[in-house]
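This report covers charged pairs and nonpolar cores. The sequence and the structure come first.

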Amino acid sequence: MMLASGLSRCAAEVSSSTPSTPEPEDNNNKDDKDAPKHLNWVPDASGLAPLKFEPLSGSEQGWANFKLLFALPWRRFKKDAVLTFKLEGEIPDQLQGRFSPGFSMPQIIDALEKAAVDPRIKGIAVEISPLAIGWAKAQELRRYIQLFRDSGKFATAYMKTAGEKEFYLASAFEEVAIAPTANIRLAGFSVAGTFLRGVLDKVGVEPQVQRIGAYKSAGDQLLRRDMSEAQREQLGELLDDIYEHFLDTLAQARGKTREEVADLLDRGVYDNEVLLAEGWVDSLKYEDELIEDLKKKTGGKEDEVAKVGLSRYSKVSRSAFGLNGKKRIAVLRAGGAILGKASGVASGSITPEGIIPKLRALAKNKKIAGVVLRVDSPGGDALASDLMWREIQKLAEKKPVVACMGDVAASGGYYMSMAAQAIVAQPLTVTGSIGVVTGKFNLAELYERVGYAKTLLSRGKFAEFLAADNRSFNEEEASLFEESAQFAYRSFRDKAAASRKMPVEDMQAVAQGRVWTGQRAQQRQLVDVLGGLHEAVALVKQAAGIEQGEKVTLLEVSRSQTSPLKLLGGGANVLAGLAALGSLAQGGTPSAAFSQALGAAVLQQAAGSLLPGMLPNGLTAAAGLQLLQQVSAGQPLCYMTEVDASSLVSAGGVAVGAGAAGAAAGGLSSGLGGLFEDEEALMQALFMQLEEAFEQLL
């Protein structure tokens with residue numbers, strides 16, 4: 001479950017303009033003979049321009065220097081500066097609102113691209129703290145750090161607390177420095193499964209769940225007491241892919257062999273002097289010592305380092321360096337659980353009402369040459385997924401559409417992606433999970449224990465089919481329940497086969513709810529190209545007939561909004577109690593109240609076992625409760641709980657900040673000041689804290 005994150009100069013560029021939905025333009029006079037040529041386009045990965053650094057030409061450099069002389073005050077900073085920022089906790093895939101905490105993937109990538117050609121920037125220094133992102137985002141970040149390094153400027157990573165994922169990201173930098181007493185835990189990888197059937201039996205609750213697909217384990221948490229063999233198989237493959245990639249990448253980055261990296265993990269090294277002596281890190285330094293080194297590299301004054309924070313640097317226009325082009329490609333980002341309607345939380349979910357109007361506007365806008373659909377979602381509501389799938393298909397009839405997967409695009413997330421003409425995924429993206437789960441709770445035994453009685457009067461053979469939570473299905477109802485779930489699965493599978501131009505039999509072999517990494521999905525024709533946003537835009541250019549070397553402008557058409565009444569995470573008992581009380585206060589039955597409380601407890605318990613302080617796949621409490629209500633009401637979901645993309649964490653157990661509050665407290669600066677302090681980001685943190693205080697008062 002997951003929350004709701006630039007390109008090289010030679011490919012496509014992120015626009016510095018404020019993201020918005022493009023204004024529709026009249027396109028009613030288009031003649032049938034002018035049907036788009038991209039409809040017969042076949043993706044050709046061999047013809048894509050690679051992601052690489054390209055320096056400004058002499059004339060471009062002179063023009064950039066001239067424009068920088070007239071930069072607005074809030075875009076100015078000292079020459080020979082070091083760009084400093086901190087990577088910690090969640091890194092959203094979508095541009096954030098003005099007062100949102102932390103930095104987003106587009107913001108970080110855009111800054112690295114600009115800094116690579118900005119004559120005022122001498123290098124970057126980044127503090128990497130415990131991350132709550134998946135491996136696909138980590139892969140994407142490494143690529144752009146390497147792009148920056150190819151400019152010849154210095155790149156320094158600094159860590160105080162780190163596990164495998166943080167160390168993996170840091171290995172992309174030229175220099176890896178850690179505090180002398182840093183807590184570095186490199187012990188391997190693990191993923192956990194949690195099962196509540198025993199708990200439900202003790203309280204008298206019978207889960208009646210239909211999960212279609214041998215690997216569709218989304219109902220296992222409620223149905224089983226242990227992990228199924230199918231679940232073990234697919235999670236084992238995910239761990240294998242991550243482990244092998246870690247060995248290869250770290251060995252190449254640090255000049256080691258795979259065997260040496262594996263031995264490092266197996267030894268459980270805790271002495272930082274050993275890490276230094278064996279060449280896993282470059283130096284042991286306190287922050288003040290790092291500052292002294294940066295002074296020498298930047299030529300700054302003896303009492304300070306010339307630096308610029310990411311918040312200020314984000315305001316620097318790409319046009320100052322000639323990074324944008326005349327033609328436009330839109331980037332529509334969809335992140336979080338898929339819901340039928342908004343859950344009351346401003347961000348962190350995907351709904352038809354939020355996506356479909358943008359798709360229709362893009363279809364009518366002649367100024368948009370093509371669209372990249374960035375999907376970062378474990379799925380959710382099946383109907384909502386299907387409605388958006390249809391609209392994406394309609395958009396693809398008008399102009400090229402390429403799906404670009406983030407950390408996870410599985411189940412409903414894959415449903416959306418498969419409507420595009422091509423799909424791009426990182427090698428470690430979690431995808432697939434083409435299956436359906438639905439169910440309801442039988443609370444008869446619980447009702448008897450607490451003395452609650454319920455009588456239903458009905459007309460119609462199946463009137464009590466889903467309404468009767470005080471008994472199990474009868475034989476006919478059970479048959480109907482299974483048949484309806486099978487029908488929903490066949491609809492998903494067959495549309496996937498048609499979308500991917502595969503025989504149904506071939507799709508059945510790779511569907512059945514099974515989760516794949518991006519590299520395995522490509523081998524099974526579920527994904528076309530391995531890569532990220534750069535490759536997705538290059539494919540759009542290819543389909544639209546735009547030369548690969550031609551610069552284009554990326555238009556971000558979505559931005560996350562910050563709610564002043566954002567829900568705050570809490571313990572399972574608090575969340576469950578509030579959920580139950582809220583249901584009863586609104587006139588709900590004890591059954592509805594129990595479902596609310598159970599949903600909260602399930603989500604919080606799963607979060608505690610997979611990743612401290614986070615709900616599965618970054619799911620918000622409100623969105624999670626809404627999805628659980630839909631399951632308990634018998635509505636089919638295209639949803640993946642097989643694995644949390646960000647939960648494949650260090651066996652050493654590196655802790656991560658707790659939710660939004662944790663991000664606000666430390667995720668956007670060093671918090672206590674110093675080299676990595678970002679003054680403008682600290683102001684945003686202040687606004688966040690004021691919002692939280694306001695909510696507590698309410």
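## Arg471 and Glu464

Arg471 and Glu464 are joined through their side chains in a salt bridge, with N to O at 3.2 Å. A salt bridge here is a side-chain nitrogen of Lys or Arg within 4 Å of a carboxyl oxygen of Asp or Glu. Arg471 is partly exposed at 26% relative accessibility, while Glu464 is buried at 17%. Buried stands for under 20% relative accessible area, exposed for over 50%, and partly exposed for values in between (1.4 Å probe, protein chains only).

Salt bridges with shared partners also connect Glu233, Glu237, Asp241, Arg514 and Arg520 in one network.

## Basis of the values

The model is predicted: local features need pLDDT of at least 70 and side-chain atom pairs count only at pLDDT 80 or more, whereas totals for chains, interfaces and linings use all residues. Residues are numbered from 1 along each chain as its sequence is written, and side-chain values use heavy atoms, leaving out hydrogens and water.

## Other salt bridges

Over the whole structure, 43 salt bridges are found. Side chains of opposite charge can pair when their charged atoms come close.

One of the pairs is Glu556 with Arg333, at 2.9 Å from N to O. This pair ties together distant parts of the chain, 223 residues apart: Glu556 belongs to strand β21 (residues 552-556) and Arg333 to strand β10 (residues 327-335). Both strands and helices are DSSP runs numbered from the N terminus (helices H or I, at least four residues; strands E, at least two). Glu556 is buried, with 3% relative accessibility, and Arg333 is buried with 5%.

Glu229 pairs with Arg232, where the closest N and O atoms are 4.0 Å apart. Both residues are in helix α7 (residues 229-254), separated by 3 residues, or about one turn of the helix. Glu229 is exposed, at 61% relative accessible area, and Arg232 is partly exposed, at 48%.

## Nonpolar cores

A nonpolar core is a set of buried Ala, Val, Leu, Ile, Met, Phe, Trp, Tyr and Cys residues joined through side-chain atoms within 4.5 Å. The largest has 83 residues, and those with the most contacts inside it include Leu83, Ile108, Ile128 and Tyr313. Helix α2 (residues 105-117) supplies the largest share of this core, 8 residues. Another core lies apart from it and has 50 residues, including Val401, Ala409, Tyr414 and Tyr415.

Beyond its neighbours within four places in sequence, Ile128 is in contact with residues including Leu87, Met159, Glu166 and Phe173, contact being heavy atoms within 4.5 Å.
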